[in-house]
Amino acid sequence: RRVHPCECHITMHMGYKRIKMNSIVFALNLLASIVWSAPPRCEPGDAILGRCRIPVEEKPQCTNIVLGYCDDMPYSKTLFPNLLDNKNREELEMGTEYLLLSVIHTLLNGECTPDIRMLGCSIIAPRCENGKIMKPCRSTCESVRKNCIHAFEGIKMAWPYFLDCDRFFVGEEEGCYDPLENLREKQEVALASISPEEPSTIIQFTYHSHLQMENVLKKTAARCSDISRTYSIGRSFEGKDLLVIEFSDNPGQHELLEPEVKYIANMHGNEVLGRQLLIYLAQYLCSEYQLGNERIQTLINNTRIHLFPSMNPDGYELAAAEVEDTNEQEQDEGHRYNGWTSGRANAQNIDLNRNFPDLTSIVYSRRRNKGYRTDHVPIPDSYWFSKYVVAPETYAVMKWVRSIPFVMSASLHGGELVVSYPYDFSRHPEEEKMFSPSPDEQVFKLLSRIYADAHPTMSDNSTDRCGASFASKGGIINGAMWYSFSGGMSDFNYLHTNCFEITVELGCDKFPSEDELYLGWQQNKEPLLSYLEAVHRGIKGIVKDETGKGIKGARISVRGVRHDIFSAEDGDYWRLLTSGTHIITASAPGYTKVMKKINLPPRLQKAGRVDFILKREILEPGINDHFPAQDTYDRFDPFNQFERYTQRETGEPGEEEVQEKPWWWSYFALSGNAAPTWLLRNY
């Protein structure tokens, strides 16, 4: 019979469904056979009974290091994933960590490289042996961090997290290795090739920018961390750190009976030789101490030395920029046309050596009063409340000298070759050149001669040289007799604190060429050291009560000298004196006075020890008239008018500092990775 077209279509459709069903059944059967033929999942103990097999996983294999910035490591094989969990080389090369290592040399101006780069490579491309990662030694990491963290601080960058010595590095007992092994071998070979006839302390006699100076000082302090440290006393008007480097056998602490001495340079920004001399002196003290120089070791072990190379970094940068521009035009003679004015003042156009409180005028106005004082004269309120502008650099130095019991100081200048000493302000203001001695005229002359006589030409009687006009005076002069000015730092030190400060003019050229820096160092190295040693002249001792407790603020008086000094926190004191017989009196509020007669031999190079024990007594009216009134002496910056100058001294980031990113931030933030906030020091 004829088949109806619909019937045929239904039959074909059913056949298609049957074929499709058969295909599905076949696929399921095939899948079932694969599943049933696969090794059964192992339960605990099944593998031992042979019921199943544990699949063998491929072991990670050591692979060649093919990273361009890690190709000089003391090994050639690494392993992925690495210690930062990068799965492969491509992922590693895209990371911020590798980017940082690739630019670290430029960021740090060559400081601590390749040490930092190789240390980082030991983490991102760790050593592989027998299919296992070996971790680098913690001791290597700690050594590099100690020597190099200053370089990161210089660019306001945090120490990289992947160089955390406790997190990614291990001790020798765990089988670590030194990733800088090859580097150390090369350094030893280089050192062995140096001729023993060369100077043991090597100094590079070049000028330093402010950042370079900071790096040198911090690197020096890191190298000699057992005897040195750096600290900031504040910031300049443009925000540069006012950095000090200290040397002591116990850095950071005042030690009983150990005198404190300071050098300050570059107060006038265009007077630069002193700035460089203190940078060189810091390097010299560190190196010679480590090399076993007995003179330097004795000096540092018995003295706390503070070197402040640049009081006016803003002015220095201005003067240096002008010299550089002039040198391009005048080549050899460019440095001599610096003007004498550009960069002298700070960024506010304030001459810092005229910016201190004028205490000398106060002393002169009271000299006819009975019992008038020339010591610890309070800062008058008029200094703070008038229209007077107190520079941040001046403010920082005043706080500094009030906080440390300095015994002696020198301020290094340029423009002449002479040592001047207080008073700098004439006792008759209308007389600009008038001999105006302080009560300690003889002590100041002694200190000045120690520096001048140790200099090869300063005390020379030749009239055909720089400083010839002072030849007849032996290279030293009373400041007011040279020329008079008020508001000077030396007068302030003497009249407000225990500190005796002289002013050293280092030469007629304020900004000498680099070729002359070595000669400047050779001429001034011995005077600088001799002056530091001079702090051990005179007498020292401790003022105690009957229980043996030190008395703070006890007055030490010398008969015939109308200038007293006061004991420090634990009762210790130092009094610079010339040789001869002296009557010394110690007194304090609520105690009886004690008087002693002493004799200082002419050639005594070590301070004589004179202690006092004071007994309690009932106070009588007027007995403390000669002691400074603490409420007036302590009125430093009343109502905190200038406290803003110290807001960033504590290390706490100000609001502006948190918001403003460092200059290098955009480079990493725009690299395509997540913003690496771990690079920000204050994050």
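Start by selecting Cys141 and Cys165: with -80 degrees about the S-S bond, their link is left-handed. The two cysteines sit in distant parts of the chain, Cys141 in helix H6 and Cys165 in helix H7 (residues 165–168), 24 residues apart. Their sulfur atoms are 2.1 Å apart, and the pair is joined by a disulfide. Cys141 counts as buried because its relative accessibility is 0%. Cys165, at 8% relative accessibility, counts as buried too. Keep in mind throughout that this is a predicted model.

How many disulfides does a search of the whole structure find? The search finds seven. A disulfide is a covalent bond between the sulfur atoms of two cysteines.

Select Cys70 and Cys121 next. Their sulfur atoms lie 2.0 Å apart and form a disulfide. This link is left-handed, with -75 degrees about the S-S bond. Cys70 and Cys121 are both buried.

Now go to Cys466 and Cys508, another disulfide, with 2.0 Å between the sulfur atoms. Is this link left-handed or right-handed? The torsion about the S-S bond is about 100 degrees, so the disulfide of Cys466 and Cys508 is right-handed. Cys466 lies in the loop between helix H16 (441–454) and strand E11 (476–478), and Cys508 in the loop between strand E12 (500–507) and helix H19 (517–533), so the pair ties together parts that are 42 residues apart in sequence. Cys466 is partly exposed, at 25% relative accessibility. Cys508 is partly exposed as well, with a relative accessible area of 31%.

**A buried asparagine**

Select Asn493, which is placed in helix H18 (residues 489–496). Is Asn493 buried or exposed? Its relative accessible area is 1%, so Asn493 is buried. Show what surrounds it: leaving aside neighbours within four places in sequence, Asn493 is in contact with Lys262, Val401, Asn498, Cys499 and Glu501. One of these contacts, Cys499, is itself buried at 1% relative accessibility.

**The cavities**

Rolling a probe the size of a water molecule over the atoms shows where empty space is left. In this structure there are two cavities of 30 Å³ or more.

For the largest cavity, select Pro405, Phe406, Val407, Asn498, Phe500, Ile565, Phe566, Tyr573, Trp574, Arg575 and Leu576, the residues that line it. About 70 Å³ of space lies inside the largest cavity. Strands E9 (406–413), E15 (561–566) and E16 (572–575) each supply at least two residues of its lining, and E16 gives the most, three residues. By type, the lining has nine nonpolar residues, one polar and one charged. Why does the largest cavity lie between two domains? Domain 2 (210–325 + 336–535) and domain 3 (539–613) both give residues to its lining, so the cavity lies between them.

For the second largest cavity, select Leu107, Leu108, Asn109, Ala151, Gly154, Ile155, Leu211 and Asn215. The space in the second largest cavity is about 40 Å³. Helix H6 (138–154) and helix H9 (210–223) each supply at least two residues of its lining. That lining has five nonpolar residues, three polar and no charged.

**Backbone stops**

Most residues other than glycine have a negative phi, and most peptide bonds are trans. The last selections depart from this.

Select Phe80 and Pro81: the peptide bond between them is cis, with omega near -5 degrees. Pro81 is in the loop between strand E2 (77–78) and helix H3 (89–93). Thr113 and Pro114 are also joined by a cis peptide bond, with omega about 15 degrees. Pro114 is in the loop between helix H4 (96–107) and helix H5 (115–124).

Then select Asn130, which is not a glycine but has a positive phi of about 55 degrees. Asn130 lies in the loop between strand E3 (127–129) and strand E4 (132–134), and it is exposed, with a relative accessible area of 77%. Finish at Asn349, where phi is positive, near 65 degrees. Asn349 is in the loop between helix H12 (313–330) and helix H13 (359–366) and is exposed, at 66% relative accessible area.

Definitions and conventions: Residues numbered from 1 in each chain as written. Predicted model: local features only at pLDDT ≥ 70, side-chain atom pairs only at ≥ 80, totals over all residues. Heavy atoms only, no water. 1 Å grid on protein atoms, 1.4 Å probe; cavity = no way out; pocket = protein on both sides within 12 Å on 5 of 7 lines; lining within 4 Å. Points joined across faces, edges and corners; volume = space filled by probe spheres on them. Helix = DSSP H or I, 4+ residues; strand = E, 2+ residues; numbered from the N terminus. Nonpolar A, V, L, I, M, F, W, Y, C, P; charged D, E, K, R; others polar. Domains from an automatic or database assignment. Buried < 20%, exposed > 50% of the residue type's maximum accessible area, 1.4 Å probe, protein only. Contact = heavy atoms within 4.5 Å. Disulfide = S-S within 2.5 Å.
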